Amino acid sequence: MSFSGMVKEELSRQISMARHCRIAEIAALLSACGKVNAEGALRFQTENDAVVRKYFTLLQKTFNIDTEIAIRESRQMKKGNVYSVEITDSTQALTVLQGTKLSLNEADGDTLYLDNELITQQNCCKRAFIRGAFLASGSISDPEKGYHFEIVCQDERRAKYLQRIIRSFDIDAKIVLRKKSYVVYVKEGAQIVDMLAIMEANVALMNLENIRILKEMRNSVNRKVNCETANINKTVNAAVKQIEDIRLIEEKTGLHNLSEGLSEIAELRLQYPEATLKELGMMLNPQVGKSGVNHRLRKLSEMADELRTNEEELL
Ligand SMILES: [Zn+2]
C-alpha cells in the first residue's frame with residue numbers, strides 16, 4: 001500500500017467523540033465528494049473503500065442515518081472500484097445538509113461547499129475538516145522519494161477555504177492551478193509532519209519521522225565518506241611526492257650517504273608507499289611518532305629541492 005493509502009487507512013479508523021468534529025469532517029467529505037440530485041437525494045462517491053466506510057460510520061453516529069454502501073467497477077479500466085452511499089430520503093438528506101451547513105454550488109447546481117465558518121470555528125473541528133478533506137481528495141508522496149502533501153479542490157473557493165484553515169495552524173499551504181483543479185499543497189518535510197499531527201495520524205507520523213531520521217543519517221554518512229576520501233587523496237598525493245623526492249636523492253647521491261635516520265625512513269617509504277606516517281613510525285626500531293616521521297620526510301624533501309635547484313643552476 002502507498003504511504004498515502006496507509007495514512008487514509010489510519011485516519012478512516014478513528015471516529016471523533018465530539019459531535020461538532022464529526023460534523024466538520026462530514027462537511028469536508030461532502031464538499032469534495034457529495035452531490036445532490038434533482039429529487040433531493042444526497043450521494044457520496046469515492047474510489048477509496050476506507051473513505052466510504054468512514055463516511056458511512058460518521059453518518060450513522062452523527063445523524064443516526066442507516067444507509068448502504070454500493071460498489072461498482074470503475075468505467076475506466078484497472079481503476080478499481082467506485083463506492084457510493086446515497087441518502088434517497090430527501091428529509092434525511094436535508095437533515096445532513098442543514099446539520100453540516102453546506103450550500104448548493106450555484107455554478108453546477110449539484111455539488112456542495114462550505115462557507116459557514118461556524119462549522120470550523122473550534123480548533124478540534126478545523127483538524128477534523130482538514131482530515132475529511134484529505135481523506136476525500138488528498139495525497140502524500142512516499143517520504144522515501146520526497147516531501148509533498150496535497151489536497152485537490154474543485155474550485156478556487158473551496159481551495160481558499162481549506163488554505164485558510166490549514167494556515168491557521170501556521171502551515172505555509174499554497175495553491176496551484178492544475179488543469180481545472182485548485183491544488184492546496186505543502187512542500188516542506190517538517191510541515192508535512194505537522195500536517196499529520198494536525199490530522200492526528202499518529203502512526204503515519206512516527207513512520208515519517210523514522211524515515212526522515214534515516215535519510216538524514218544516510219546523508220551525514222555520505223558527507224563523512226566524501227570527507228574521508230578527500231583525506232585519503234591528500235595522504236596519497238603526499239606519499240607520491242615523497243617517493244619522487246627519495247628517488248631523486250637515490251639517483252643523485254645514493255641513499256647510503258644519508259644519515260641512518262633518514263636512509264631508514266627513505267627505504268621504508270619506498271617499500272610501503274601506502275603506509276601512513278604513523279604506520280611508518282611504528283616500523284622503525286626504536287619506534288618514532290608521527291611528527292618525528294614527518295620531520296624526517298620533510299628533511300628529505302628539502303634535500304631533494306636543493307638537488308633540483310643545483311641542477312637548474314648547472315644548466
Ligand atoms: Zn470539534
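Helix 7, residues 189–199, is largely enclosed by the rest of the structure, because eight of its 11 residues are buried. The model is a predicted one.

- The buried residues of helix 7 are G189, Q191, I192, V193, M195, L196, I198 and M199.
- Buried here stands for a relative accessible area under 20%.

**Salt bridges**

- Side chains of opposite charge can pair when their charged atoms come close.
- The count of salt bridges in the model comes to 21.
- One of them joins R131 and E25, whose closest N and O atoms are 3.2 Å apart.
- R131 belongs to helix 5 and E25 to helix 2, so this pair ties together parts that are 106 residues apart in sequence.
- Both R131 and E25 are buried.
- Another salt bridge links the side chains of E156 and K160, with an N to O distance of 3.2 Å.
- E156 and K160 are four residues apart in helix 6, so about one helical turn separates them.
- E156 has 38% relative accessibility and therefore counts as partly exposed.
- K160 is also partly exposed, because its relative accessibility is 39%.
- D172 and R167 form a salt bridge too, and their closest N and O atoms lie 3.7 Å apart.
- D172 is partly exposed at a relative accessible area of 38%, and R167 is partly exposed at 41%.
- A network of salt bridges with shared partners takes in E25, K54, R127, R131 and E200.

**The largest pocket**

- The largest pocket holds about 560 Å³ of space.
- Its lining is made up of 28 residues, and S31, A32, C33, G34 and Q154 lie nearest the centre of the pocket.
- Which helices and strands each supply at least two residues of this lining? The helices are helix 2 (19–33), helix 5 (123–137) and helix 6 (156–167). The strands are strand 1 (34–36), strand 2 (42–46), strand 6 (112–114) and strand 8 (149–153).
- By type, the lining of the largest pocket has 13 nonpolar, eight polar and seven charged residues.
- Helix 2 and helix 5, which contribute to this lining, are the helices that hold E25 and R131.
- Helix 6, another contributor to the lining, contains E156 and K160.

**The second largest pocket**

- The volume of the second largest pocket is about 210 Å³.
- Its lining includes N231, K234, T235, A238, A239 and Q242, together with R269, T276, L277, K278, K290 and N294.
- Helix 8 (202–252), helix 10 (277–283) and helix 11 (290–314) each give at least two residues to the lining of this pocket.
- Helix 8 provides the largest share of that lining, with six residues.
- Three residues of the lining of the second largest pocket are nonpolar, five are polar and four are charged.

Methods:
Residues are numbered from 1 along each chain as its sequence is written. This is a predicted model: local features need pLDDT of at least 70, side-chain atom pairs count only at pLDDT 80 or more; totals for chains, interfaces and linings use all residues. Side-chain values use heavy atoms; hydrogens and water are left out. On a 1 Å grid over the protein atoms alone, a cavity is a set of points where a 1.4 Å probe fits but cannot get out, and a pocket is an open set with protein on both sides within 12 Å along at least five of seven lines; lining residues have an atom within 4 Å of a point. Grid points are joined across faces, edges and corners, and a volume is the space filled by probe spheres set on the points. Ala, Val, Leu, Ile, Met, Phe, Trp, Tyr, Cys and Pro count as nonpolar, Asp, Glu, Lys and Arg as charged, and the others, Gly among them, as polar. A salt bridge is a side-chain nitrogen of Lys or Arg within 4 Å of a carboxyl oxygen of Asp or Glu. Buried means under 20% relative accessible area, exposed over 50%, partly exposed in between (1.4 Å probe, protein chains only).
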